[in-house]
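Visitor: I am new to this structure. Could you take me through its features, with the general idea before each case?

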Amino acid sequence: MDGVTVMDRALVDGVRTVPEQGRRVAGRLTGIDVARGLAVLGMYAVHVGPDPVKGGAGVLFKPFEGHSAALFAVLAGVSIALMSGGRRPKLGRDRTRVALKLATRAPLLVALGLWLTSLETGYMVILAYYGACFLFAIPWLRASAKALAIAAVVVAVAGPLSSHLIRAQLLPRDLLFFAPDLTADDVTSTGLLKAATVLVLTGTFPALTLMAYVFAGMSLGRMDLTSRSVCRRLFFGGSALAVGGYVVSWIATGPLGGMQAVYRSLEPAAAQAGMTPPEFFRLHQTWIHGTPPTTSWAWELLPTGTSYTPFDLLISIGIAAAVIGGCQLVMPKFERVLRPLSDLGGRVLSAYVLHFVAIALLWDESDGDSIFSVPHFVEFSAVALTAAVLWRKFVGRGPLEWAMNKLSSWPKYLGPRTRVPAQRQG
């Protein structure tokens, strides 16, 4: 759904590097597409699966909330890094071509996101925010894996705190304020400055903090993802980061009293609703989405998915790294079994956009919560996997992936390619 997929031939071929010592995983990064496929199924779980708040089978779907969107964003960063040269960042005109390609795709994603929002499905759409992130990523195309990792950590910690300070003055909010997506009316009626403010700071996926995921993904894309040892470090290191983030957040919100401060900020609204603050929080916690309330700094201590607090960002980065490393490790051993997921992940933009179209056609507001069920999740997943397999076999690149590539391919005509001198041997 990021408009840059690992199935692009030039991108995939660009990561076939000079062999190094140690065992390798598959030369092509098909495990990345498996991770994308998992993210697509996770998105379906959130959008049409049962509501975890209501218990029952829905509890099994709780882990997907927030983390699927984060995995998408990290994978977008991986793709940007691979497109710009992988472990060896492109130079000169080649890097300029990548920058222009990203700059072209950015407004296309914004326009596509605005169109999906106009369908009024009631779901939040991330594509327009990706457009802003693509522009922010351009100055970092030459950065190393270490520099990008540092940038990811800095943004993950400083981004939410800066957002809290700015929003407290610009657009203060409590838990019941639901940050709206950017719409075409916002652009035409309030101007580009207001639209940019929504995309960067006050929207449902603000680029100011979303860039933590993109930087993390770009850092991963600068690593040797064909190395088993690198992928093992990603799997275990990412798992440790996620677990550590949950533990520290639990200490901060529990023994250190952070959650009590959150509850105190909810007391007036909870009393008005006839609930206790904990009940009120559990019922409305998903409303934190993207922009935590500014009523207390304690909100920044929560690990809630899509809350975009420092803990949420770091935990989600850890989970994404573990998933990417794990998928790269298992794909060579279970390639036949995982191929449908890989096919789906290679057509992720089409899978993302078309599932919104399907929801708009199949349901409306009068259907209420009937959309959320295990059968609907299974149906969406089965149709998407089957369609992806058949499309790859008989057509090739996904329809929207093909269109996005065609519309942004014009920079390749700008002069000769930069020749990188071959390394001396012996």
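Guide: What follows goes from the whole chain to single residues.

Guide: This is a predicted model, in which local features need pLDDT of at least 70 and side-chain atom pairs count only at pLDDT 80 or more, while totals for chains, interfaces and linings use all residues. Residues are numbered from 1 along each chain as its sequence is written, and side-chain values use heavy atoms, with hydrogens and water left out.

Visitor: How many helices and strands are in the chain?

Guide: Helices (H or I, at least four residues) and strands (E, at least two) are DSSP runs, numbered from the N terminus. The chain has 16 helices and zero strands.

Visitor: What share of the residues is buried?

Guide: Buried means under 20% relative accessible area, exposed means over 50%, and partly exposed lies in between, with a 1.4 Å probe and protein chains only. Of the 426 residues in the chain, 52% are buried. Accessible areas come from the Shrake-Rupley method with a 1.4 Å probe, and for residues only the protein chains shown count as cover. The chain exposes about 19,500 Å², with carbon and sulfur atoms supplying 65% of that area.

Visitor: Which residues touch the most other members of the largest nonpolar core?

Guide: A nonpolar core is a set of buried Ala, Val, Leu, Ile, Met, Phe, Trp, Tyr and Cys residues joined through side-chain atoms within 4.5 Å. The largest has 92 residues, and those touching the most other members are Tyr44, Leu127, Leu210, Tyr213, Met218, Ile324 and Tyr352. Helix α3 (residues 67–83) gives the most to this core, eleven residues. A second, separate core has 13 residues, including Leu175 and Phe280.

Visitor: What does Tyr44 touch?

Guide: Contact means heavy atoms within 4.5 Å. Setting aside residues up to four places away in sequence, Tyr44 touches Gly49, Ala351, His355, Phe377, Phe380, Ser381 and Ala384.

Visitor: Where is Pro160, and is it buried or exposed?

Guide: Pro160 sits in helix α6 and is buried, at 2% relative accessible area. Its contacts beyond four places in sequence include Thr209, Glu300, Tyr308 and Leu313. Glu300 is 140 residues from Pro160 along the chain, yet their C-alpha atoms are separated by 7.4 Å.

Visitor: Which residues form a nonpolar patch on the surface?

Guide: Patches are made of residues with over 30% relative accessible area and no salt bridge; like charges are joined within 9 Å, and nonpolar side chains (Val, Leu, Ile, Met, Phe, Trp, Tyr) within 5 Å. A salt bridge is a side-chain nitrogen of Lys or Arg within 4 Å of a carboxyl oxygen of Asp or Glu. Here Val153, Val157, Leu161, Leu165, Ile166, Leu170, Leu171 and Trp297 form a patch with about 690 Å² of accessible area together. Leu161 lies in helix α6 (residues 145–170) and is partly exposed, at 33%.

Visitor: How many disulfides are there?

Guide: A disulfide is a covalent bond between the sulfur atoms of two cysteines. The rule asks for a pair of cysteine sulfur atoms within 2.5 Å, and the count comes to zero. The sulfur of Cys231 is too far for a bond, because the closest cysteine sulfur, in Cys327, is 10.0 Å away.

Visitor: Where is Glu120, and what is its phi?

Guide: Glu120 is in the loop between α4 (92–118) and α5 (127–137). Its phi is near 55°, a positive value in a residue other than glycine. Glu120 is exposed, at 68% relative accessibility.
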